[in-house]
Amino acid sequence: QVQLVESGGGLVQAGGSRRLSCAASGHTFGNYYMAWFRQAPGKEREFVSAINWSGEVTNYADSVKGRFTISRVNALATAYLQMNRLKPEDTAVYYCAAQDSSGSVYYTHRNQYTDWGQGTQVTVSS
């Protein structure tokens with residue numbers, strides 16, 4: 001099991017940028033696929049992006065493709081989500097998730113991830 005702590009959320013104007021971080025501890029970070037999900041009020045938790053152990057393979061939801069970039073630095077045991085050209089509909093609690101080496105960047109359902117952070121709120125004002 002790996003422990004995950006997100007940070008970097010806050011209030012941002014539409015069109016602005018924000019970078020989220022997910023710090024991991026407890027197990028070898030490099031063994032894990034990492035992902036970001038988000039959940040808006042009254043909606044299901046939805047997949048945003050995922051990255052493989054080396055950082056060479058990524059996957060994005062269509063709604064964020066071209067605006068968001070996922071990355072990781074294994075030496076720091078940290079994953080990132082760079083969010084650009086933010087829109088009010090990006091407002092949500094953003095969660096970091098992990099899956100061990102049996103995972104895939106094409107896992108897009110929350111049940112396919114075993115470890116979760118507590119979430120960080122991102123609010124985009126119009």
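User: Over the ring of which residue does the charged end of Arg 72 sit?
Analyst: The model is predicted, so local features need pLDDT of at least 70 and side-chain atom pairs count only at pLDDT 80 or more, while totals for chains, interfaces and linings use all residues. Residues are numbered from 1 along each chain as its sequence is written, and side-chain values use heavy atoms, without hydrogens and water. A charge sits over a ring if NZ of Lys or CZ of Arg is within 6 Å of the ring centre and within 35 degrees of the ring normal. For Arg 72 the distance to the centre is 4.4 Å, and the ring is that of Phe 29.

User: How are the planes of Phe 37 and Tyr 113 arranged?
Analyst: Rings of Phe, Tyr and Trp (its six-membered ring) pair if their centres lie within 6.5 Å; planes under 30 degrees apart count as stacked, over 60 as edge-to-face and the rest as tilted. The centres of Phe 37 and Tyr 113 are 5.4 Å apart and the planes stand at 75 degrees, so the pair is edge-to-face.

User: Is Trp 116 buried, partly exposed or exposed?
Analyst: Buried means under 20% relative accessible area, exposed over 50%, and partly exposed in between (1.4 Å probe, protein chains only). Tyr 113 is buried at 5%. Trp 116 has 25% relative accessibility, so Trp 116 is partly exposed.

User: What is the distance between the sulfur atoms of Cys 22 and Cys 96?
Analyst: A disulfide is a pair of cysteine sulfur atoms within 2.5 Å, and a search of the whole structure finds one. Cys 22 and Cys 96 form this link, with their sulfur atoms apart by 2.0 Å.
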